[in-house]
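Subject: Structure handover

Hi,

Here is the structure for your files. My notes follow below it.

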Amino acid sequence: MERSNHTVTEFILVGFTTDPTMQLVLFAVFLGVYSLTVVGNTSLMVLICKDSRLHTPMYFFIGNLSFLDLWYSSVYTPKILMTCISEDKSISFAGCVCQFFFSAGLAYSECYLLAAMAYDRYAAISNPLLYAQSVSGTLCICLVTYSYTGGFVNAIILTSNTFTLDFCGDSVIDDFFCDVPPLVKLACNVKESYQAVLYFLLASNVITPTMLILASYLFIIAAILRIRSAQGRRKAFSTCSSHLVSVTLYYGSILYIYSRPSSSYSLERDKMVSTFYTVLFPMLNPMIYSLRNKDVKEALKKLFRLTHSEV
């Protein structure tokens, strides 16, 4: 089929299915997931702010991760819900640019933040007596600031390069949000320079933080092995197990989607994977960091007692 170049004013989001019944089912599912995401991440942030026992570097980073996940999920889910129940599946060109920019900026920021959290765990395990001095409040603020700055600067690079591509055809995005793979599929031709930009961003925002995380965990393992008692080793490992699970799930899905050449994109398969890290992962993070965390459980019990006594 011949594809003609034209000025794009809007895109059509296909979503997951055109079956009206399935759309209602998906609406209920995504509404439930988003509600849990909002409640879980908001509750964790409130607990960290209110309980003085959680005013430590580790929980400062976890609180920022919850903020990122809440914002990240809110970039996608409201539009997904509208697409499920509305006959109008369109998104304006400007709306697509905004969604793409914020999703990229938040995703890259989370990559950097997870790397900062790995360093925090290394500092806590390798030399717990000097932990407060090595990971000061100033350093925590700097690391979080650098995470956001690096993420959104790179998002500007990706967004500007993506939306200067020439789009062809009927502007139908076979996905539930504006992302690199479906937009590349709509492009008339993808120059090697654009592919080079994608690889540069992958290296700077995903590969580099991954290497920093791996290096941190190598030092963490070395520090744990120096602990003489088995109970001490288990306790040290338990302090970073939640972060390790979070990193594995997030980076695994990100690398799967964006580490391949554009010619090998499979939109149906990629759609399922991207659902995980855009919608499900922000819901899972509060559970990962709180279910096995005694401090968070105690803070939650204390908050319930205070609320009950006030009532």
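pLDDT is the predictor's confidence in each residue, from 0 to 100. This is a predicted model: local features need pLDDT of at least 70, side-chain atom pairs count only at pLDDT 80 or more, and totals for chains, interfaces and linings use all residues. Residues are numbered from 1 along each chain as its sequence is written, and side-chain values use heavy atoms, with hydrogens and water left out.

Confidence. The protein chain has a mean pLDDT of 85, with 90% of its residues at 70 or more. Helix 5 (residues 137-162) is highest, at a mean of 95, and helix 10 (residues 294-310) lowest, at 70. Helices here are DSSP runs (H or I, at least four residues), strands likewise (E, at least two), numbered from the N terminus. For residues 1-5 the pLDDT is below 50. Where pLDDT is low, the predicted coordinates should not be read in detail.

Disulfide. There is 1 in the structure (a pair of cysteine sulfur atoms within 2.5 Å). C96 and C178 form it, with sulfur atoms 2.0 Å apart. The link is left-handed, at -130° about the S-S bond. It joins distant parts of the chain, 82 residues apart: C96 sits in helix 3 (residues 93-126), C178 in the loop between strand 3 (172-173) and helix 6 (180-186).

Helix packing. Helix 1 (residues 20-50) packs on helix 2 (residues 57-85) at about 160°, axes 9 Å apart. Axes are lines fitted to C-alpha atoms over the stretch in contact, and angles run from 0 to 180 degrees between N-to-C directions. The pair is therefore roughly antiparallel (an angle over 145 degrees).

Best wishes

Terms used
Angles under 35 degrees count as roughly parallel, over 145 as roughly antiparallel, 65 to 115 as roughly perpendicular and the rest as oblique. Contact means heavy atoms within 4.5 Å.
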